[in-house]
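Okay, thanks everyone, I'll keep this short. Have a look at the sequence and the model on the screen, and then we'll walk through a few spots.

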Amino acid sequence: MDFIFEQIRVGGDRNLGYLVGDRAAHVAAAVDPAFSPGLFLERAAAQGLRIEWILNTHGHGDHTNGNAEMKRKTGARIAAHAGAPSPPDLALEDGDEVAVGSFALRALHVPGHTKDHLLFFLPAQRVAITGDLLFVGKVGGTSTDEEARAEWASLHRVLRDLPPETTVWPGHDYGCRPSSTLALEALANPFLRAKDVAQFLALKRDWAAFKQEHGLK
């Protein structure tokens, strides 16, 4: 039971953050501790952990607005993509890893929703913290076709490179449940079922009508 993984509802627009810890080493990372950093501190204390890392999937304020308070109270270092709006203490590139005790979170650069977006993958545990790249039954918002094409490429890189049994832990509880697997999303997520990028772009444009037609939330 050394591996600790908790999903934390932080407020905002159904935002979700994550506490990843090593009980034996008494250390943890807080992923996207927005709105309610105190909840992370409470859960870390209950587990006997010291938060030494703050990880951000991307630089949007609804994922980063707890950083300053968390850093002030814990002394934790902030790790985010090198292109994040606010320079982090540790700039991450694709493939870099952050160690939390004996566990490693691998950063995958998955642009689309934002240029600085990262997915954090724990290979041994088959856990993917997907931020706003991939939700349950949905994908992250984009403003242009260029961004959507980048997101399409990122999603299919994830499907290609990560095991299908990988669990999906998104940045918002926007679906019919708060987590999933890559295999299930490949079967049931309409954006991942798009046969090509043109169909993906069309679904993005017509999403409101598609949801109504298929009774989706």
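Let me start with a question: which residues does Gly131 touch, if we don't count those up to four places away in sequence? Before I answer, please keep in mind that this is a predicted model. The answer is Thr57, His117, Trp169, Pro170 and Gly171.

So where does that glycine sit? Gly131 is in strand β10. Its relative accessibility is 1%, so Gly131 counts as buried, the cut-off being under 20%. Leu119 is 12 residues away along the chain, and its C-alpha atom is 6.6 Å from that of Gly131.

Now Thr130, also in strand β10. Thr130 counts as buried too, because its relative accessibility comes out at 1%. Leaving out residues up to four places away in sequence, Thr130 touches His117, Leu119, Val168, Trp169 and Pro170.

Let me zoom out for a moment. The chain has 7 helices and 12 strands. Its C-alpha trace spans about 50 × 35 × 30 Å along the principal axes. For 217 residues, a compact globule would have a radius of gyration near 17 Å, and the chain agrees with that at 17 Å. Buried residues are 48% of the 217. Of the contacts with a separation of 6 or more, 54% are between residues 24 or more positions apart.

What about the surface and the charges? The chain exposes about 9600 Å², and 53% of that comes from carbon and sulfur atoms. There are 23 positive and 27 negative side chains, with the centres of the two sets 3 Å apart.

His63 is in helix α2, which covers residues 61-64. Is His63 buried or exposed? It's buried, with a relative accessible area of 0%. Its contact list, again without residues up to four places away in sequence, includes Asn15, Asp32, Pro33, Ala34, Asn56 and His58. Also on that list for His63 are Thr57, Asp132, Gly171 and His172.

Next stop, Thr142. This one is in the loop between β10 (127-131) and α4 (145-161). Thr142 counts as partly exposed because its relative accessibility is 22%. Which side chain does the side chain of Thr142 make a polar contact with? That would be Lys204, at 2.9 Å. Thr142 and Lys204 are 62 residues apart in sequence, yet their C-alpha atoms are 8.6 Å apart in space. Setting aside neighbours within four places in sequence, Thr142 is also in contact with residues including Gly112, His113, Glu147, Ala148 and Glu151.

Last item, two backbone angles. Phe35 has a phi near 65°, which is positive in a residue other than glycine. Phe35 is in the loop between β3 (27-31) and α1 (37-46), and it is partly exposed, with a relative accessible area of 41%. Arg126 has a positive phi too, near 55°, and again this is a residue other than glycine. Arg126 lies in the loop between β9 (118-122) and β10. With 32% relative accessibility, Arg126 counts as partly exposed.

That's what I had, so over to you.

Definitions and conventions: Residues numbered from 1 in each chain as written. Predicted model: local features only at pLDDT ≥ 70, side-chain atom pairs only at ≥ 80, totals over all residues. Heavy atoms only, no water. Helix = DSSP H or I, 4+ residues; strand = E, 2+ residues; numbered from the N terminus. Rg over C-alpha atoms; globule rule 2.2 N^0.38 Å. Buried < 20%, exposed > 50% of the residue type's maximum accessible area, 1.4 Å probe, protein only. Contact = heavy atoms within 4.5 Å. Areas by Shrake-Rupley, 256 points an atom, 1.4 Å probe, with all protein chains shown as cover. Lys, Arg positive; Asp, Glu negative; His and termini not counted. Charge placed at Lys NZ, Arg CZ, Asp CG, Glu CD. Polar contact = N/O pair within 3.5 Å; in protein donor to acceptor, adjacent residues only side chain to side chain.
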